[in-house]
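Reader: I would like to be taken through this model feature by feature. Please give the general idea each time, and then the case at hand.

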Amino acid sequence: AFDENGKIWFNGNFVDWKDANLHVLSHVVHYGTSVFEGIRCYDTKNGPAVFRLQDHIKRLINSGKIYRMEIPYSVEDLSQAVLDTIKINQLKECYIRPVAFRGYGELGVYPLNCPVETVVAAWAWGKYLGEEAIENGVNIGTSSWRRMAPGTMPNMAKAGSNYMNSQLAKMESIANGYDEAIMLDYQGMVSEGSGENIFVVLDGAIYTPPISSSLLSGLTRDSVIKIAQKLSLEVREENIPREMLYIADEVFLTGTAAEVTPVRSIDKIIIGNGTRGAVTKKIQENFFSLVNGEEEDEHGWLSYV
Ligand code: PMP
């Protein structure tokens with residue numbers, strides 16, 4: 001939940017929550033000219049720690065680069081801004097939202113004459129798909145909306161505008177009684193959720209769609225691939241036909257917000273035995289013990305506040 005007495009980092013300074021405003025004629029309001037990140041901080045026994053902070057900030061800067069939006073701060077500056085935002089708001093477990101956008105200048109489509117503004121906000125946020133979803137899983141539906149085809153919108157940029165596509169899929173899935181949507185790519189292969197990547201366990205192997213399936217290269221996806229490797233489980237980045245989901249032994253979603261969430265059913269077809277599978281559980285346990293600082297941080301993924 002938002003803490004309206006909190007502070008927000010705005011172009012290098014902290015401002016009061018209520019003063020973190022922008023003009024209605026800002027470029028971003030009209031054309032979606034923004035790039036952002038979603039980052040989680042966990043309350044470990046050694047104090048609050050941010051998961052994969054530098055990697056998130058690098059992705060933010062790269063998302064900007066794709067859109068010729070140069071963010072006027074370094075990885076170090078913005079990483080420090082994230083830590084400072086957590087500290088000043090006295091947060092422990094929280095979600096952090098850095099965002100860079102084109103502000104107030106002129107209102108043609110051409111964005112480069114509008115200033116780049118950079119913001120970091122943080123607030124306490126629980127389980128994205130609900131507390132019990134982590135254990136019991138979610139029911140998802142295949143969206144009639146596809147991910148953006150190559151050469152239309154850059155799927156690899158975490159840009160605000162891409163989330164109009166995600167919103168269409170998410171709204172449709174909720175209207176149809178599902179918890180979340182899964183989208184196909186332009187070729188009809190499985191791509192990703194509205195805010196999560198997807199993994200499939202079938203006959204002892206783990207599959208996830210490749211970057212070429214129009215997805216966001218998730219950092220949780222990357223973490224799970226590395227966790228699986230450590231557990232001597234093979235992850236294959238391969239095209240996944242829709243029907244492979246239905247016959248999977250297990251399916252799970254990954255994302256900063258969703259963490260590692262099992263999938264119980266897809267298009268009302270029960271996956272496996274309809275409960276969290278053994279592989280999903282093992283990966284979940286390893287993921288949570290890593291982010292919670294309960295095991296050695298061999299990758300250097302935790303930044304303590
Ligand atoms: N795909 C989409 C569309 C997303 O919004 C997210 C969340 N950022 C992900 C995948 C997962 O990415 P990450 O694990 O880096 O949060």
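Author: Start with the domains, whose bounds come from an automatic or database domain assignment. For the protein chain this assignment gives domain 1 (7-123) and domain 2 (133-291). The model is predicted: local features need pLDDT of at least 70, side-chain atom pairs count only at pLDDT 80 or more, and totals for chains, interfaces and linings use all residues. Residues are numbered from 1 along each chain as its sequence is written.

Reader: How far apart are the C-alpha centres of domain 1 and domain 2, and how many residues does the contact take from each domain?

Author: Two residues are in contact if their C-beta atoms, placed from the backbone, lie within 7 Å. The C-alpha centres of the two domains are 26 Å apart. The contact draws 17 residues from domain 1 and 11 residues from domain 2.

Reader: Which elements give two or more residues to the side of domain 1 that touches domain 2?

Author: Helices (H or I, at least four residues) and strands (E, at least two) are DSSP runs, numbered from the N terminus. Strand E3 (34-36), strand E4 (39-44) and helix H2 (53-66) each give two or more residues to that side of domain 1. H2 gives the most, with five residues.

Reader: What is the make-up by class of the side of domain 1 that touches domain 2?

Author: Ala, Val, Leu, Ile, Met, Phe, Trp, Tyr, Cys and Pro count as nonpolar, Asp, Glu, Lys and Arg as charged, and the others, Gly among them, as polar. The side of domain 1 that touches domain 2 has seven nonpolar, five polar and five charged residues.

Reader: Now a residue in H2. Is serine 63 buried or exposed?

Author: A residue is buried if 20 or more other C-beta atoms lie within 10 Å of its own, exposed if 12 or fewer, and partly exposed in between, with C-beta atoms placed from the backbone. Serine 63, in helix H2, counts as buried because it has 24 C-beta neighbours inside 10 Å. Not counting residues up to four places away in sequence, serine 63 touches Val35, Ala157, Lys158 and Ala159.

Reader: Where is arginine 52 found, and what is its phi?

Author: Arginine 52 is in the loop between strand E5 (47-51) and H2. Its phi is near 55°, a positive value in a residue other than glycine. Arginine 52 has 22 C-beta neighbours inside 10 Å and therefore counts as buried.

Reader: And aspartate 203: is it buried or exposed?

Author: Aspartate 203 is exposed, because 7 other C-beta atoms lie within 10 Å. This residue sits in the loop between strand E11 (197-202) and strand E12 (205-208). Aspartate 203 has a positive phi of about 50° although it is not a glycine.

Reader: What does valine 119 touch?

Author: Valine 119 belongs to strand E7 (residues 116-123). Beyond residues up to four places away in sequence, valine 119 touches Ile8, Trp9, Phe10, Ala20, Pro98 and Val99. Its C-alpha atom is separated by 6.3 Å from that of alanine 100, 19 residues apart along the chain. Valine 119 counts as buried because it has 20 C-beta neighbours inside 10 Å.

Reader: Which residues is leucine 78 in contact with?

Author: Leaving aside neighbours within four places in sequence, leucine 78 is in contact with Ile57, Tyr73 and Pro98. Leucine 78 is placed in helix H3 (residues 75-88). With 24 C-beta neighbours inside 10 Å, leucine 78 counts as buried.

Reader: How is a helix pair read, and at what angle do the axes of H6 and H8 cross?

Author: Axes are lines fitted to C-alpha atoms, for helices over the stretch in contact, and angles run from 0 to 180 degrees between N-to-C directions. Angles under 35 degrees count as roughly parallel, over 145 as roughly antiparallel, 65 to 115 as roughly perpendicular and the rest as oblique. The axes of helix H6 (residues 219-230) and helix H8 (residues 278-291) come within 10 Å and cross at roughly 110°. H6 and H8 are therefore roughly perpendicular to each other. Ser223, Val224, Ile227 and Ala228 of H6 make the contact with Ile283, Asn286 and Phe287 of H8. By class, this contact has five nonpolar, two polar and no charged residues.

Reader: How many residues surround the ligand?

Author: A residue is near a molecule or strand if its C-beta atom, placed from the backbone, lies within 6 Å of it. Here 14 residues surround the ligand, and the closest are Gly218, Leu219, Thr220, Gly255 and Thr256. H6 and strand E14 (250-255) each supply at least two residues of the shell. H6 gives the most, with three residues. By class, the shell has two nonpolar, nine polar and three charged residues.
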